[in-house]
Structures are given as structure tokens and as C-alpha cells.
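Here is a quick briefing to read alongside the model. Keep the viewer open and follow the topics in turn.

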Amino acid sequence: MFKRSFVQLVMFGLIVSLPAALVLAADKIEPKKSAAKLSGADEKFVKEAAAGGMMEVELGKIAAEKAVNDKVKAFGRQMQEDHGKANEELKTLAANKGVQIPMALEGKHKKTVDRFSRLSGPEFDRQYIRTMIEDHKEDLKAFQCEADKGKDPDVKQFASKYVPMIKKHLEMAQTTGEQLKVASKGTR
């Protein structure tokens with residue numbers, strides 16, 4: 001009788017502990033997938049694209065509210081929408097790759113947004129469009145370089161996907177700038 005109770009107790013213990021043992025064994029057999037480490041250049045691109053994208057959205061919000069020219073207002077709304085979508089996609093990509101991106105504006109991007117928050121009227125419109133022309137020229141170079149030379153296929157694909165959008169934004173900014181008679185830094 002004592003032997004049978006002991007055997008039943010051992011069996012009960014095994015049955016109760018079996019699920020936990022299986023989970024532990026599964027973890028050892030199939031380790032959780034970790035994000036592949038990005039090259040330094042790819043990681044830098046992701047961080048800079050995230051910071052720049054956040055700035056574009058914030059400046060777009062300001063332009064949509066403060067601009068006096070309807071085309072500048074429309075351009076600002078376009079920046080909010082397009083860069084907002086790209087930012088969401090980039091957040092997911094960064095998380096999957098284990099890259100910590102800024103959650104708020106910092107440094108030069110924050111200073112730029114603060115400066116534009118204080119401007120108004122036609123001066124706001126001219127400086128905003130001038131800044132967007134210069135910013136999109138830089139973005140186009142960075143995104144095209146990443147699309148051509150990036151190491152990580154997912155980051156390269158992200159950059160390639162958004163090169164046409166950046167080109168379109170640059171053309172829109174240049175056209176609006178011509179109408180406002182805005183000279184870019186390279187043509188003054």
C-alpha cells in the first residue's frame with residue numbers, strides 16, 4: 001500500500017511538473033530569436049532617419065498652422081502625413097533590429113523646431129521652404145547612399161522605398177520655393 005501511494009505521488013509530481021520542464025527544454029532547443037546586429041553605418045542611418053523624420057513631422061504641423069501661403073500649408077500637411085507613415089515603419093524596423101531611436105526631438109532638431117515656432121508670416125514661409133529644400137537634399141543623399149551601399153537588407157529596402165517620396169518632396173519644396181522666390185543656401 002505504501003509503495004503504491006509513493007508511486008502515485010511520484011507520478012502526480014511528474015505530471016504536474018511536466019509542462020514546466022517542457023517549456024524549459026523548448027527554450028534550450030529553440031532560443032528566442034534576437035535581432036541581428038546592424039553595421040555601424042546602418043545603425044547611424046536608422047537613428048538619423050528617425051530623428052530627421054520626427055523633425056519633419058513637427059515642422060509640418062507648425063507649417064500647417066502658421067504658414068500664410070496655402071501651398072506652404074499644404075506642403076506642411078504632406079510632410080506630416082508622409083513622414084508620419086515612414087516614421088511608424090522605421091520604429092518597427094528599429095525595434096526588430098534592436099536599435100534604440102530617440103523618442104523625442106533632441107539637439108539640432110529640437111533647436112530647429114523651436115526656432116520655427118517663433119517665426120510667423122511670410123518670413124516663416126520662406127525660411128521653412130528653404131529649410132525643407134536643404135533638408136530634403138541631404139535626406140536624398142543619405143537615403144540613396146543607404147539604398148545603394150547599406151549592409152542590412154531590411155534597412156536597404158526601407159531606404160529604397162522612401163527615395164521616390166523624398167525626391168517628390170524635394171521637387172515640391174523647390175517649386176514652392178520658386179514661387180516664394182526663396183534661394184537655397186547653394187544659390188544665394
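**Buried side chains and an overview**

Glu146 counts as buried because its relative accessible area is 6%, under the 20% cut-off. Keep in mind that this is a predicted model. The chain has six helices and zero strands, so there is no strand to look for, given that both are taken from DSSP runs. Of the 188 residues in the chain, 40% are buried.

- Glu146 is part of helix 5.
- Along the chain, Glu146 and Ser160 are 14 residues apart, and their C-alpha atoms are separated by 7.8 Å.
- His83 sits in helix 3.
- Buried or exposed, where does His83 fall? His83 is buried, because its relative accessibility of 6% is under 20%.
- The side chain of His83 makes a polar contact of 3.3 Å with the side chain of His169.

**The fold in brief**

- Going along the sequence, you'll read the pattern α-α-α-α-α-α.

**Helix 6, end to end**

- Helix 6 covers residues 153–180, which is 28 residues.
- From first C-alpha to last, helix 6 reaches 40 Å, close to the 40 Å expected at 1.5 Å a residue.
- At the start of helix 6, look for Asp152: one of its side-chain oxygens comes to within 2.9 Å of the backbone nitrogen of Asp154.
- Where does helix 6 bend? The bend is at Val163 and amounts to about 35°.
- A proline, Pro164, follows that bend within four residues.
- Just after helix 6 comes Lys181, with a positive phi of about 60°.

**The largest pocket**

- The largest pocket has a volume of about 840 Å³.
- Two or more residues of the lining come from each of these elements: helix 2 (40–66), helix 3 (70–97), helix 4 (107–118), helix 5 (121–149) and helix 6.
- Helix 5 gives the most to this lining, with 12 residues.
- How many residues line the largest pocket, and which lie nearest its centre? The lining is made of 39 residues, and Lys108, His109, Asp135, Glu138 and Asp139 are the ones nearest the centre.
- Sorted by class, the pocket lining has 16 charged, 13 nonpolar and 10 polar residues.

**The cavity**

- Searching the whole structure turns up one cavity of 30 Å³ or more.
- The volume of the largest cavity is about 50 Å³.
- Which residues line the largest cavity? They are Ala50, Met54, Asn87, Leu90, Lys91, Ile101 and Pro102.
- Helix 2 and helix 3 are the elements that each give two or more residues to the cavity lining.
- Helix 3 has the largest share of that lining, with three residues.
- By class, the cavity lining has five nonpolar residues, one polar and one charged.

- Helix 3 carries His83, and helix 3 gives three residues to the lining of the largest cavity.
- Helix 6 is among the elements that give two or more residues to the lining of the largest pocket, and helix 6 bends at Val163.

Notes. Residues are numbered from 1 along each chain as its sequence is written. This is a predicted model: local features need pLDDT of at least 70, side-chain atom pairs count only at pLDDT 80 or more; totals for chains, interfaces and linings use all residues. Side-chain values use heavy atoms; hydrogens and water are left out. The expected span of a helix is 1.5 Å times one less than its number of residues. The bend at a residue is the angle between axes fitted to the seven residues ending there and the seven starting there. A polar contact is a pair of N or O atoms within 3.5 Å; within protein, one must be able to donate a hydrogen and the other to accept it, and residues adjacent in sequence count only if both atoms are side-chain atoms. On a 1 Å grid over the protein atoms alone, a cavity is a set of points where a 1.4 Å probe fits but cannot get out, and a pocket is an open set with protein on both sides within 12 Å along at least five of seven lines; lining residues have an atom within 4 Å of a point. Grid points are joined across faces, edges and corners, and a volume is the space filled by probe spheres set on the points. Ala, Val, Leu, Ile, Met, Phe, Trp, Tyr, Cys and Pro count as nonpolar, Asp, Glu, Lys and Arg as charged, and the others, Gly among them, as polar. Buried means under 20% relative accessible area, exposed over 50%, partly exposed in between (1.4 Å probe, protein chains only).
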